[in-house]
Amino acid sequence: MELFFNARPLLGSIVYSILGVVVFWVSFIIVDKITPYDLWREIVKERNLPLAIIVAAMCLGIAIIVAAAIHG
């Protein structure tokens, strides 16, 4: 019996997506720990917009690096 699609690429995509998200969150937590202040409090409670922009740029940079590493 033949399937309508090949499940192997779909499974690979799911595994690499989960791996990418895990690597992204671990790297974000590391950056959060090495900063001298609490990023969440500064962005949400103190409404520090410049810091939020820097953190967003850092997140995009990490995401691009993880995507490039996974893509090969």
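Helices here are DSSP runs of H or I with at least four residues, strands are runs of E with at least two, and both are numbered from the N terminus. Residue numbers start from 1 along each chain as its sequence is written, and side-chain values use heavy atoms, with hydrogens and water left out. What you have open is a predicted model, in which local features need pLDDT of at least 70 and side-chain atom pairs count only at pLDDT 80 or more, while totals for chains, interfaces and linings use all residues.

**Stop 1: the whole chain**

Show the protein chain as a cartoon. You'll find three helices and zero strands, in the order α-α-α along the sequence. The radius of gyration, taken over C-alpha atoms, is set against a globule rule of 2.2 Å times the number of residues to the power 0.38. For this chain the radius is 17 Å, well over the 11 Å that the rule gives for 72 residues, so the chain is more spread out than a compact globule. Its C-alpha atoms fill a box of roughly 60 × 20 × 15 Å along the principal axes.

Accessible areas come from the Shrake-Rupley method with a 1.4 Å probe, and for residues only the protein chains shown count as cover. The total is about 6100 Å², with 73% belonging to carbon and sulfur atoms. Buried means under 20% relative accessible area, exposed means over 50%, and partly exposed is in between (1.4 Å probe, protein chains only). Of the 72 residues, 17% count as buried.

**Stop 2: phenylalanine 24**

Select phenylalanine 24, which sits in helix 1 (residues 7-34). Phenylalanine 24 is buried, at 17% relative accessible area. What does it touch, leaving aside residues up to four places away in sequence? Cys59, Ile62, Ala63 and Val66, where contact means heavy atoms within 4.5 Å. Pick isoleucine 62 from that set: the C-alpha atoms of phenylalanine 24 and isoleucine 62 are separated by 6.5 Å, although the two residues are 38 apart along the chain.

**Stop 3**

Move on to glutamate 42, in helix 2 (residues 39-45). Is glutamate 42 buried or exposed? With a relative accessible area of 17%, glutamate 42 counts as buried. Not counting residues up to four places away in sequence, glutamate 42 touches Tyr37, Arg47, Asn48 and Leu51.

Side chains of opposite charge can pair when their charged atoms come close. A salt bridge here is a side-chain nitrogen of Lys or Arg within 4 Å of a carboxyl oxygen of Asp or Glu, and the count comes to two. One joins glutamate 42 to arginine 41, at 3.6 Å from N to O. Glutamate 46 also bridges to arginine 41, with the closest N and O atoms 3.5 Å apart. Together, Arg41, Glu42 and Glu46 are linked in a network of salt bridges. Arginine 41 itself is partly exposed, at 36% relative accessibility.

**Stop 4: arginine 47**

Finish on arginine 47, in the loop between helix 2 and helix 3 (49-71). Check its backbone: phi is near 55°, a positive value in a residue other than glycine. Arginine 47 is exposed, with a relative accessible area of 70%.
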